[in-house]
Amino acid sequence: MGNHSDGSPNHSGTVATAGQNVVEKFQDPGLPPHRLRLADTDPRAAKRAERQVAILFGISVIGTVIFLVSYFAIDLHTDGSIATIRNQNLLLGLGTAFAMLGIGTGIVHWAKALMPDHEVSEERHAIRTEEDRQAAVRIVEDIVEETGIKRRPLIRNTLLGAVALAPLPALAVFGDLGPRPDNTLAHTMWAPQDGKLKRLTRDPDGTPIKASDVTIGSAFHVIPEGLNELQEGKLNAKAKAVVLLMRLNPDDLTISKGRETWSYNGIVAYSKICTHVGCPVALYEQQTHHLLCPCHQSTFDLTKECKVIFGPASRPLPQLPIAVDAEGYLVATSDFKEPVGPSYWERDEHERLINS
């Protein structure tokens, strides 16, 4: 025999049968009872919440001030060291975080602690243009009234101050968009200077590299001769000119017409800047002769003039023409024949300018 606990079919109540106890429709449970908050019943609690919201808006103002002071007070032109740049970036980040976080948390706390929180439901009605407009106006007026912004000048004033100052960091950053780069993106430090060819040197110490130093399978991170002596614009110049130098078996290289003199006995040099978004291509796989960008996994085939074989990059890495001078050191015979890095509006024009 079955019993009530094991779900036996011998008991008529264990299995629901179609048509039994069917409710024709769901009953509307209505709105849950409204629960008053502490700020709704205690004026001191409401005043305390108001001060807390004002403090949060004040934190936003302080964060904006920190951003502006660190942006304008720290002069990178006189001291462009990595430590100074790092400290400025830290202050800019903290200032922006406090500015945005103060406004966001202040508005959320204002809504949760002081604005009316009762729920309202209404029947959907047909859309009528004039009545909708009037209803929208009434809704806006109700929202303004429910926020209590007219009755709470402390919140209103601190909010206006925080919102007024918040866009200033963005406006200040716009100053870094100029002046126009013009043709500076088309050229690097590899171009010969006063007829003298630039030697390839090790990054970061600037030691010149001899062809005999480069063995098959090796890879060097390279900068142009004279880069370390720059007093201004060193980081920008390095960002455009860094190169990867490798040596392969000459029989493994596929050399296109016009590039027969761009390499030396299997030694080739290519820009280190990925043509996707400009990340450094720093990984070299010796067995497959592949270069990999770690940011988005764009892969370039070194044996085929760094043709893209995988990933989002759309162009091969630019090749640096190299040769050997009388002392056996590797030198760049010219600048890159195309702009390095990712695409930009004037790139095609600059490429024509380089090759003209």
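Mentor: Let us start with a single side chain, keeping in mind that this is a predicted model. Tyr 71 has a relative accessibility of 15% and therefore counts as buried, since the cut-off for that word is under 20%.

Trainee: Which residues form aromatic pairs with Tyr 71?

Mentor: As a general idea, a pair of aromatic rings is described by the distance of the centres and the angle of the planes. Here Tyr 71 and Phe 72 form an edge-to-face pair, with 5.0 Å from centre to centre and 85° between the planes. The structure holds two aromatic pairs, and Phe 67 with Tyr 71 is a stacked one, at 6.0 Å centre to centre and 5° between the planes.

Trainee: Why are Phe 67 and Tyr 71 separated by about one helical turn?

Mentor: Because they are four residues apart in helix H2, Phe 67 and Tyr 71 have about one helical turn between them. Phe 67 is buried, with a relative accessible area of 6%, whereas Phe 72 is exposed, with a relative accessible area of 58%.

Trainee: Which residues make the nonpolar surface patch?

Mentor: The patch, of about 680 Å², is made by Ile 55, Ile 59, Ile 62, Ile 66, Leu 90, Leu 91, Leu 94 and Phe 98. The elements that give two or more residues to this patch are helix H2 (43-73) and helix H3 (82-113). Ile 59, for example, lies in helix H2 and, at 33% relative accessibility, counts as partly exposed.

Trainee: Where does UniProt place the feature "transmembrane region"?

Mentor: The unreviewed UniProt entry places that feature at residues 53-74, 90-111 and 159-178. In the model, residues 53-74 are 95% helix and 0% strand, and their end C-alpha atoms lie 32 Å apart. Residues 90-111 are 100% helix and 0% strand, with end C-alpha atoms 31 Å apart.

Trainee: And how should I read the annotation "domain: Rieske", and which residues does it cover?

Mentor: That annotation also comes from UniProt, in an unreviewed entry, and covers residues 267-331. The span is 0% helix and 35% strand in this model, and its end C-alpha atoms lie 12 Å apart. Tyr 329 deserves a look, with Lys 210 lying over the face of its ring at 5.2 Å from the ring centre. The C-alpha atoms of Tyr 329 and Ser 212 are separated by 8.6 Å, although these residues are 117 residues apart along the chain. Ser 212 is found in the loop between strand S1 (198-202) and strand S2 (219-224), and it is exposed, with a relative accessible area of 60%.

Trainee: How many salt bridges does a search of the whole structure find?

Mentor: Side chains of opposite charge can pair when their charged atoms come close. The search finds 11 salt bridges. One of them joins Asp 203 and Lys 238, at 3.0 Å from N to O. This pair links distant parts of the chain, for Asp 203 is in the loop between S1 and S2 while Lys 238 is in helix H7 (residues 234-241), 35 residues apart.

Trainee: Which residues form salt bridges with Arg 347?

Mentor: Arg 347 forms one with Glu 338, the closest N and O atoms being 2.7 Å apart, and another with Glu 351, at 3.3 Å from N to O. Arg 347 is buried, as is Glu 338, whereas Glu 351, at 28% relative accessibility, counts as partly exposed.

Note on methods:
Residues numbered from 1 in each chain as written. Predicted model: local features only at pLDDT ≥ 70, side-chain atom pairs only at ≥ 80, totals over all residues. Heavy atoms only, no water. Patch = residues over 30% accessible without salt bridge, like charges linked within 9 Å, V, L, I, M, F, W, Y side chains within 5 Å. Areas by Shrake-Rupley, 256 points an atom, 1.4 Å probe, with all protein chains shown as cover. Salt bridge = Lys/Arg side-chain N within 4 Å of Asp/Glu carboxyl O. Buried < 20%, exposed > 50% of the residue type's maximum accessible area, 1.4 Å probe, protein only. Phe/Tyr/Trp six-rings, centres within 6.5 Å; stacked < 30°, edge-to-face > 60°. Lys NZ or Arg CZ within 6 Å of the ring centre and 35° of its normal. UniProt positions renumbered as here; feature names shortened; annotations may be inferred.
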